[in-house]
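Hello,

Here is the structure we talked about. Please open it alongside this note; my findings follow below.

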Amino acid sequence: QVQLVESGGGSVQAGGSLRLSCVASGDTGSRNLMGWFRQAPGKEREVVAVMGRYTRRTYYSDSVKGRFTISQDNAKNTVYLQMNSLIPEDTAMYYCAAGRYGGTWPPLRSDFGYWGQGTQVTVSS
């Protein structure tokens, strides 16, 4: 089993920045895929950014390209999401996920078998 705990969410004004953290514990060695997803009220959960833990290959949704950066510190079993130039449309619950790469790029949601509880990000104008 893998446990994921997100932190770093909060309320900021448009143009501000936040850095989300996700600490993983448990059987993480075989989980070669980490990702961030978000879900706003009334919308489907969508991918924000993903990273191969060992290849360092990344993928970003078009809506966050150039503003968000996913990174990791494997020694700490931690993945980060640096969010800059935040806009109200970024308001959502953000979830950390871990999984195993299934062979397609970008990865499929079904590749992610473990999810955190989420951390709320609210951006006001």
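How many cavities of 30 Å³ or more does a search of the whole structure find? The search finds one. Keep in mind that this is a predicted model.

The cavity

The largest cavity holds about 90 Å³ of space. Its lining is made up of 13 residues. Those nearest the centre are A24, M34, R53, N77 and T78. Two strands to look at are strand 1 (2-7) and strand 8 (78-83), as each supplies at least two residues of the lining.

The disulfide

The structure also holds one disulfide. The partners are C22 and C96, with their sulfur atoms 2.0 Å apart. The pair links distant parts of the chain, 74 residues apart. C22 sits in strand 3 (residues 18-26), and C96 sits in strand 9 (residues 92-99). The link of C22 and C96 is left-handed, with -80° about the S-S bond.

Are the two cysteines buried or exposed? Buried means under 20% relative accessible area. C22 has 0% relative accessibility, so C22 counts as buried. C96 is also at 0%, and therefore counts as buried.

For the cavity, go to A24, M34, R53, N77 and T78, which lie nearest its centre.

Best wishes

Technical notes. Residues are numbered from 1 along each chain as its sequence is written. This is a predicted model: local features need pLDDT of at least 70, side-chain atom pairs count only at pLDDT 80 or more; totals for chains, interfaces and linings use all residues. Side-chain values use heavy atoms; hydrogens and water are left out. A disulfide is a pair of cysteine sulfur atoms within 2.5 Å. Helices (H or I, at least four residues) and strands (E, at least two) are DSSP runs, numbered from the N terminus. Buried means under 20% relative accessible area, exposed over 50%, partly exposed in between (1.4 Å probe, protein chains only). On a 1 Å grid over the protein atoms alone, a cavity is a set of points where a 1.4 Å probe fits but cannot get out, and a pocket is an open set with protein on both sides within 12 Å along at least five of seven lines; lining residues have an atom within 4 Å of a point. Grid points are joined across faces, edges and corners, and a volume is the space filled by probe spheres set on the points.
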